[in-house]
Amino acid sequence: MDILLLITQELRRLEETKTYKYETPLRSPQAGIVKVGGKEVVMLASNNYLGLSDHPVVKKAAIEGIKQYGYGVASVRFLCGTQEIHLQLEKKISQFVGCEDTILFSSCFAANEGFFASLVNEKLGCEEYQDVLYSDRLNHASIIDGQRLCRPENVDKKIYNHADMANLERLLEEDKDQEYRFKIIATDGVFSMEGDLAPLSSIVRLAQKYNAMVFVDDSHAIGVCGNSGRGTPEATSTLGMIDVLTGTLGKAIGGAAGGYISGKKEMISYLRQKSRPYTFSNSLPPSIIFGAMAAFDLLSKDRSLVTKLHENTAYFRREIKALGFTILEGDHPIVPIMLGEAAVAQDMSAALLKAGVYIKGLWFPVVPKGEARLRGQVSASLRKKDIDRALEAFAKVGKKMRVI
Ligand SMILES: Cc1ncc(COP(=O)(O)O)c(C=O)c1O
């Protein structure tokens, strides 16, 4: 078989079915207003929720990190790749999210990939055992891949319908008399395609009732949800009740890179021994460590960025609906604007870019067939006049394409 011929055919098929993912490069930092080609456009597609990607305090800290600790660490953590600053950032994250301890990873994808197998694939003194994972249908790819790394003979994987607590309870009830070693309920804190929050208080209640552990990936919630940006546990009054909390430093917390797992100190110490992406992958560089610490310090001192983000989100959600667009309701800065067909989402994203708005479409298989959408993402870095400019473009393009 000619591999290049086959993949070229597949690329053509993706283009023809309008499911090809186009990259539109920026000629500027990530910010409320970015440059595409020579043109300035309003950014509504980034995870730069708090505008920290180009924040002077964060940038200054990152430069200081390089000056004091160098460009790279050139080692994994357990050999010689732990600088004191890695431990300081881990402590800062633990304090911010209200957990006993934290372990850093090169990304949240790596953190999620490393978590499940490090428990399920280890005997931990049990010669015969079976574990069970309950996973929300819309969980992020990294949770799914993490669970795929678990040895199938030792784990039962059960998918519950998205945020459907009756369905989750039915599965837990069915398993009540099974002698599972570990039961783990895994969910995104905020679902990246829908912008909705997991019903964490119900999940915690079910976990207590059925003796399960709760795993939450708060990547789209850290710095975003709750009055002080502590994430979905703050927004759902479950602070301190989540067993394992993962997140990224690659979105609201400066947007560079890095991920973490927070939880009980024994769990984190164990992951330092057994988690493969931690053991076998390079340490985060000092610029990122310093930048992330500055971001957490900013957030701890002052809620104004989080408040601004919440105000901008409420304004955009209200006004885009007033124009006649259908959105998925909620209060998260991820605002899915529902369009139906992939081709409409792709054409509208291109038309909006021409009209001065950078926003991307999502379609099958990323979202279900017939539920193609534009995913708006609001940021604290947007001024009211930027949002108004985007809304004007939406009105013009929406009417022209007969979507409104
Ligand atoms: C819910 C969720 N988890 C994990 C990740 C991966 O994070 P990172 O970019 O740090 O690997 C993402 C990023 O898209 C995400 O949305």
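Predicted model: local features only at pLDDT ≥ 70, side-chain atom pairs only at ≥ 80, totals over all residues.

User: What makes the protein chain as compact as a globular protein of its length?

Analyst: The chain has 14 helices and 13 strands. Its radius of gyration is 22 Å, and the globule rule, 2.2 Å times the number of residues to the power 0.38, gives 22 Å for 404 residues, so the chain is as compact as a globular protein of that length. Along its principal axes, the C-alpha trace spans about 65 × 55 × 55 Å.

User: How is the protein chain divided into domains, and how far apart do the C-alpha centres of domain 1 and domain 2 lie?

Analyst: The domain assignment gives domain 1 as 16-49 + 303-400 and domain 2 as 56-301, and the C-alpha centres of these domains lie 28 Å apart. Their contact takes 18 residues from domain 1 and 17 residues from domain 2, where two residues count as in contact if their C-beta atoms, placed from the backbone, lie within 7 Å. On the side of domain 1 that touches domain 2, helix H12 (304-322) and strand S10 each supply at least two residues, and the residues of that side divide into twelve nonpolar, five polar and one charged.

User: Why are S10 and S12 called edge strands?

Analyst: Three strands form an open sheet in the order S10-S13-S12, with antiparallel pairing. Strand S10 (334-340) and strand S12 (360-362) each pair on one side only, and they are therefore the edge strands. The twist from one strand to the next averages 35°.

User: How do you know that S10 and S13 pair?

Analyst: Two strands pair if at least two bridges are found between them, and S10 and strand S13 (residues 372-377) have six bridges in the antiparallel sense, so they count as paired. Helix H13 (residues 342-354) lies across S10, S12 and S13, and runs at about 40° to S13.

User: Which residues are closest to the ligand, and what classes make up the shell around it?

Analyst: The ligand is surrounded by 13 residues, of which the closest are Ser107, Cys108, Phe109, His140 and Thr248. By class, the shell has two nonpolar, nine polar and two charged residues.

Key
Residues numbered from 1 in each chain as written. Helix = DSSP H or I, 4+ residues; strand = E, 2+ residues; numbered from the N terminus. Axes fitted to C-alpha atoms, helices over the stretch in contact; angles between N-to-C directions. Domains from an automatic or database assignment. Nonpolar A, V, L, I, M, F, W, Y, C, P; charged D, E, K, R; others polar. Near = placed C-beta within 6 Å.
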